[in-house]
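Me: I am new to this structure and would like to go through its side-chain contacts step by step. Please show it first.

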Amino acid sequence: MNLDIEQLETQHPLLVATPIRYVEMARIALLRAKHASPTKAAVRCDDLSSAVTLTWDTSAMKTLPQAVDQIRVTEDAAEAIALAFVHTHAAWRIDRRCRRGEYADWLLRSPNGKRYAALEISGIADESASLMQTRLEEKSRQVGRSLAAPEKLAIVVGFAGVSIFVRTL
């Protein structure tokens, strides 16, 4: 499976109206972690392991910008990769940004509009498998409290080795 970060706004048209430049944040985080396009990302989805190929436009950014909030970059880049993953994997699309107290980042809808899922995302710049698993458990507990949708997903994206941990609830 190929996750083309450059297609994010086509996959999720509502992102066009947001002030956050998710694709650019993903490019910055991947460049900061010294990755080149294409790069393999390990995926652990519930109890299954696989891999995806991440691609992005490397000509759009050759050097890292100096004045960026590194934590914000990691979180926004994780959102970009997670949103590309849920669309490519299961054709989910953003319905809306979740509000404070909904215990999720995004409300997703299925292509036919009959299913909804609450999605909680986290990013880790320098991950280890144990830290990824611990964060996934935290995010799973958080989104498990959400009443925004009957289906729930937690995704943690690590950038050092590029890994995507997914749990469905």
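Reply: A residue is called buried under 20% relative accessible area, exposed over 50% and partly exposed in between, with a 1.4 Å probe and protein chains only. This is a predicted model, in which local features need pLDDT of at least 70 and side-chain atom pairs count only at pLDDT 80 or more, while totals for chains, interfaces and linings use all residues. Residues are numbered from 1 along each chain as its sequence is written, and side-chain values use heavy atoms, with hydrogens and water left out.

Me: Is E6 buried, exposed or partly exposed?

Reply: The relative accessibility of E6 is 27%, and the middle class runs between the 20% and 50% limits. E6 therefore counts as partly exposed.

Me: How many salt bridges are there?

Reply: A salt bridge here is a side-chain nitrogen of Lys or Arg within 4 Å of a carboxyl oxygen of Asp or Glu. Counted by this rule, the salt bridges come to 10.

Me: With which residue does R27 form a salt bridge?

Reply: R27 is buried, at 14% relative accessibility, and lies in helix 2 (residues 22–32); helices (H or I, at least four residues) and strands (E, at least two) are DSSP runs numbered from the N terminus. Its partner is in the loop between strand 1 (2–4) and helix 1 (8–11), so the pair ties together parts that are 21 residues apart in sequence. The closest N and O atoms of the pair are 2.6 Å apart, and the partner of R27 is E6.

Me: How far apart are the closest N and O atoms of E79 and R97?

Reply: E79, in helix 3 (residues 70–90), and R97, in strand 4 (residues 93–97), are 18 residues apart and link distant parts of the chain. E79 is buried, with a relative accessible area of 3%, whereas R97 is partly exposed at 35%. The two form a salt bridge, and their closest N and O atoms are separated by 3.3 Å.

Me: Which kind of aromatic pair do Y22 and W106 form?

Reply: Rings of Phe, Tyr and Trp (its six-membered ring) pair if their centres lie within 6.5 Å, and planes under 30 degrees apart count as stacked, over 60 as edge-to-face and the rest as tilted. A search of the whole structure finds 1 aromatic pair. The ring centres of Y22 and W106 are 6.3 Å apart and the planes stand at 65°, so the pair is edge-to-face.
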